[in-house]
Structures are given as C-alpha cells and as structure tokens.
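Morning, everyone. Please have a look at this one with me.

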Amino acid sequence: MEWTLADTAAIVRSPDASDDKYSRGVVGMRTGSDAYPGAAVLGVEAAWRAGAGMVRYVGPRRAEELVLQRRPETVLGTGRVQAWVVGSGMDAATRTPEDTEALRRILAADEPVVVDAGALDLAEPGAHAWVVTPHAGEHARLRARLGLPETGEADDERAASALETASVLGAVVVLKGAVTIVAEPGGWATAISIAPPWLATAGAGDVLAGAIGAVVAGTPTADPAVLARRAAAGVWLHAQAASVAAGALPPRGGPITALEVASCLPHAVAQVVGSVPRAE
Ligand SMILES: NC(=O)C1=CN([C@@H]2O[C@H](COP(=O)(O)OP(=O)(O)OC[C@H]3O[C@@H](n4cnc5c(N)ncnc54)[C@H](O)[C@@H]3O)[C@@H](O)[C@H]2O)[C@@H](O)CC1
Ligand SMILES: Nc1ncnc2c1ncn2[C@@H]1O[C@H](COP(=O)(O)OP(=O)(O)O)[C@@H](O)[C@H]1O
C-alpha cells in the first residue's frame, strides 16, 4: 500500500539525447489571484523544479510579474500543453466570471488537469483525466457536494473515503495530510507517509500541485490508473523534497518554507533517477 522510491523510479525518467523541451512535457498553470499571487509563484517554481520542459502561466498581471521575477524561464499566455494545473491560490467565492469560464474550458479539454483549492467547486461527476488535490477540509466540502457522507480521520477511513470520492467523481483523488492517499476510480489506492511534519506549512499544497503537474505532463495520459501512479510519484517527490529541506537542518530537522521544498525537488528527482542502474 505504501508508495516507494522504486515505484517512483519506474515513472520518473531522466531525459536523453532524443529529448527536447516539448517532449519533456509542457505544464500550463492557471493559478493565483490578486489575493494569493504567491501561490502562482510556488506552483510555477515547483513545476520547473520537478522537471517540466516548459511552464506556461496564465493569471492576473501582478501574479504574472511575480512569476517572471522568480522564474524568467516561464512563458506567459496560453499555448499547447501536456497537462494543466488549476485552482491553487484561487477562491471560488471571489473568482471572476471570466476565470470561472476559463477554468471550465480547461476542465473540459482533453489534457489531464490537476484540480486544486479554488477550482474544486467546479469538479462534477463524470469520467475525467483529472487529479483532484483536496486537504481534509476541501475533501469534506467536495463529498458534501457529491452527496457523500461525512467520514472519520483514521487512516483506513481516509483511504476508503478517498476511493469512494474517486469512484463517484470519476477522477483520481489525492487526499492530502500527514499521510497522503492517492486513489483512482478503478479501486486502486496507495499512501505516501514519508513527509516530515515540518511540511505542514502554508503554500506546501501549491507546490504539490505544480510538482504533480510536471510528472503528469512527462507522459500525458487520460487513463486514470496511469494518472494515479503519476500523481503518486509527484506526491512522493514532494514529500522527499521536504525531507531533504528539513534534513539539511541537523540534528532532527527544522522549519522549512514551501519555496524551499520546491527548491529541493531536483534533489528528490536526482535520488530517483540515480537509483536506476544505467543501461550500457
Ligand atoms: N502564499 C499563498 O499565496 C498561499 C495561498 N494559499 C491559497 O489560499 C487559498 C485558501 O486555502 P486554505 O486551505 O487556507 O483555505 P480553505 O478555505 O480551503 O480552508 C479554510 C477552512 O478549511 C479547513 N481546513 C483548512 N485546511 C485544513 C486541513 N488541512 N484539514 C482540515 N481542515 C482544513 C479549516 O476549517 C479552515 O478554516 C487556496 O487557494 C490556497 O491555494 C495557501 O496555499 C497558503 C499560501
Ligand atoms: N502533519 C503533516 N505531516 C506531513 N505533511 C503534511 C502534514 N500536514 C500537511 N502536510 C502536507 O502539506 C501540504 C499542505 O497542503 P495544503 O493543505 O493544500 O496547504 P496550503 O493550502 O497552505 O498549500 C500537503 O502536501 C500535505 O500532505
């Protein structure tokens, strides 16, 4: 049930001579708002640092400026992408009608979508290439909207309820917490419990969404079984990056920020690709 480094290594590959920026995966991000421009920066940073070949960003002017300040590599505006990340740093209550319309278009498109925070209210039952990423509070709200009962906090109850939500929604569910559950509509689930409690810090979820987006864009797929395993690999990299960040503070770790977690994603990726023997 626990997702491992070896599982992640079966999914995350290092680029080779045949690769270019497009084949490595382009992530499109519609995240952030005037209230939360920082969430856009965190997600974009994470997508780059988890190995995207290109990141496109669409959002309000101030968020665009902050994103470019941190990552001038980022391409502003729409264009072809292999995966979307939407909703981090957005608020369903204050979203503009244009934002809502744009989110609906993305959710209806063919590319896989990571659906976070302020876009979760738009998730409706169907058969979707979506990875929804609620924390406990968002999961409870999502379940209430889907007409599903309240559930407990024990690990087995969380796994069962994530599976039920995945099945009713027709999408992969990443239920975040100290133990993060990844569940797919077909009935498979896994857990990632290696994250240090220091990861409980504002913005860590925005980083997670960007990291998952990069892993999904690496080999885009609409198959929920494959999508779930790619999402689990993204969760594992994020948790491992947090361990690297906190572990740099001896002897037992110390406080880390979300941006530091994003900055440590390359270490986690390097550990994963370095664990696989080179083909001679
Ligand atoms: N620097 C930034 O720009 C940041 C932006 N953020 C954005 O802020 C927005 C609001 O996110 P929040 O999660 O704070 O607000 P929510 O509106 O989702 O959460 C508010 C309520 O949900 C419950 N809740 C929140 N987290 C919970 C948890 N882990 N377990 C159980 N219940 C929980 C609590 O009752 C809380 O009062 C999102 O769009 C998010 O992406 C946050 O990620 C923080 C950092
Ligand atoms: N006690 C904990 N131990 C380890 N990881 C945690 C703990 N609490 C939360 N996390 C992780 O931190 C991240 C928090 O995300 P989220 O709740 O969306 O916060 P935010 O909205 O501030 O970004 C998730 O990846 C979650 O799994």
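I'll go through the ligand shell, then two annotated residues.

This is a predicted model: local features need pLDDT of at least 70, side-chain atom pairs count only at pLDDT 80 or more, and totals for chains, interfaces and linings use all residues. Residues are numbered from 1 along each chain as its sequence is written, while chains are lettered from A and ligands numbered from 1 in the order in which they are written.

Ligand 2 to begin. It has 15 residues around it. A residue is near if its C-beta atom, placed from the backbone, lies within 6 Å. H135, A178, A200, A204 and G205 come nearest. Which helix gives the largest share of the shell? Helix 7, residues 204-218, with four residues. Helices here are DSSP runs of H or I, at least four residues, and strands are runs of E, at least two, numbered from the N terminus. By class, the shell has eight nonpolar, five polar and two charged residues. Gly counts as polar, Ala as nonpolar.

Now the record. An unreviewed UniProt entry puts "binding site" on A39, G89, H135 and D206. Such annotations may be inferred rather than shown by experiment.

Take G89. It sits in the loop between strand 4 (83-86) and helix 4 (97-108). G89 is buried, because 26 other C-beta atoms lie within 10 Å; the cut-off is 20 or more, with exposed at 12 or fewer and partly exposed in between.

D206 is in helix 7. D206 is buried too, with 31 other C-beta atoms within 10 Å. Beyond four places in sequence, D206 contacts A39, L42, G43, S88, G89 and A258. Contact means C-beta atoms, placed from the backbone, within 7 Å.

Definitions and conventions
Two residues are in contact if their C-beta atoms, placed from the backbone, lie within 7 Å.
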